[in-house]
Amino acid sequence: MLTVKKVLNNNVLVAEHPNYEEVVLIGKGLGFGKKAGDYVAGEQAEKFFVLKEAKEQEQYKQLLDYVDEHFIGLMNDIIELVEDRFSVQLHEHIHIALTDHLYYAIKRVKQGLDLTNPFLPETELAYPKEFSVATELIDYLSNELHLEIPPGEIGFVALHIHSALTRRSLKEVNRHTQLIAELVQVIEKSLHLQIDRKDVNYLRLVRHLHHAIERITKGQYFDNQETLNNVLQTEYPICYNLSWKLIKIMQQTLKKAIPEAEAVYLTLHLQRLSKQ
């Protein structure tokens, strides 16, 4: 038996759990007539998850003021599916962040408002597994709610999943995706070309930029390419100079020093692209 700590509504309550301290229990009519200190049978709950922090509990309670129980149930199925696909227990905040995001996204779809995502290709390239699971989630929601959710939403959900998996803020994850899109625009403008987004060299470049940003952010860059640096500067001056232009943009956005070795990798990627 679990002890009720706080009733959030007729179907959701916070209870004391012997192993997890506080948990959120979800079940039809579970909270009806209950008050703090009452006992509740754990098997009565259809779902439960851990919501440790008081701030998270308060935000979740506010969420229940405008999100209906059916949608809360769907979201818990979705989050369980994500945890199953990645074999992890996600940070509790995803129950609030993803529920809130998708609730308003679906509201906009029902109102006929268009949801565009300019960073969809970059998101898919940067986070392929998250993107694949997000596609599965959006298909599931579309079927359950009998409406067509635009594909752009897959990218937003993929970023939420990545944020929860890495414990990095959504703001930071978004900033990195936007930075890659900005760098690609600078490349197209400087080399006077329209990059084919399906070209294998473009895929390699975006993956490289993504991994470079991750390494730079974590301070895990140790490469030394001084000799090759000098050769490329002479052989491919246009691409070499463009690589430094991109490095300066990355430096300004990430507020981190970028190792000189990055110029070598970028020059090689740019040279391959410029052959288009």
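**Close-up views of a predicted model**

View 1. A hairpin links E1 to E2 through two residues. E1 (residues 2-9) and E2 (residues 12-17) run antiparallel and are joined by five bridges.

**View 2. Strand E1 also pairs with strand E4.** Here E4 (residues 39-40) runs antiparallel to E1, and two bridges join them. Look for Leu2, which stands opposite Val40 in E4. While you are looking at strands, remember that in a regular strand the side chains alternate between the two faces of the sheet.

**View 3. Helices H2 and H3 cross each other at roughly 125°.** The axes of H2 (residues 69-86) and H3 (residues 94-110) come within 10 Å. The two helices are therefore oblique to each other, and their crossing is right-handed. Which residues of H2 and H3 meet? From H2 come Phe71, Ile72, Met75, Asn76, Ile78 and Ile79, and from H3 come Ile94, His95, Leu98, Thr99, Leu102, Tyr103 and Ile106. Sorted by class, this contact has ten nonpolar and three polar residues, with no charged ones.

**View 4. His176 sits in helix H7 (residues 170-191).** Is His176 buried or exposed? His176 counts as buried, because its relative accessibility is 4%, and the cut-off for buried is under 20%. Leaving aside residues up to four places away in sequence, His176 touches Arg168, Ile213, Thr217 and Leu254. Val264 lies 88 residues from His176 in sequence, and the two are 21 Å apart in space, C-alpha to C-alpha.

Conventions
Residues numbered from 1 in each chain as written. Predicted model: local features only at pLDDT ≥ 70, side-chain atom pairs only at ≥ 80, totals over all residues. Heavy atoms only, no water. Axes fitted to C-alpha atoms, helices over the stretch in contact; angles between N-to-C directions. Helix = DSSP H or I, 4+ residues; strand = E, 2+ residues; numbered from the N terminus. Parallel < 35°, antiparallel > 145°, perpendicular 65-115°, else oblique. Left-handed = near helix turned anticlockwise from the far one by under 90°. Contact = heavy atoms within 4.5 Å. Nonpolar A, V, L, I, M, F, W, Y, C, P; charged D, E, K, R; others polar. Buried < 20%, exposed > 50% of the residue type's maximum accessible area, 1.4 Å probe, protein only. Pairing = 2+ DSSP bridges.
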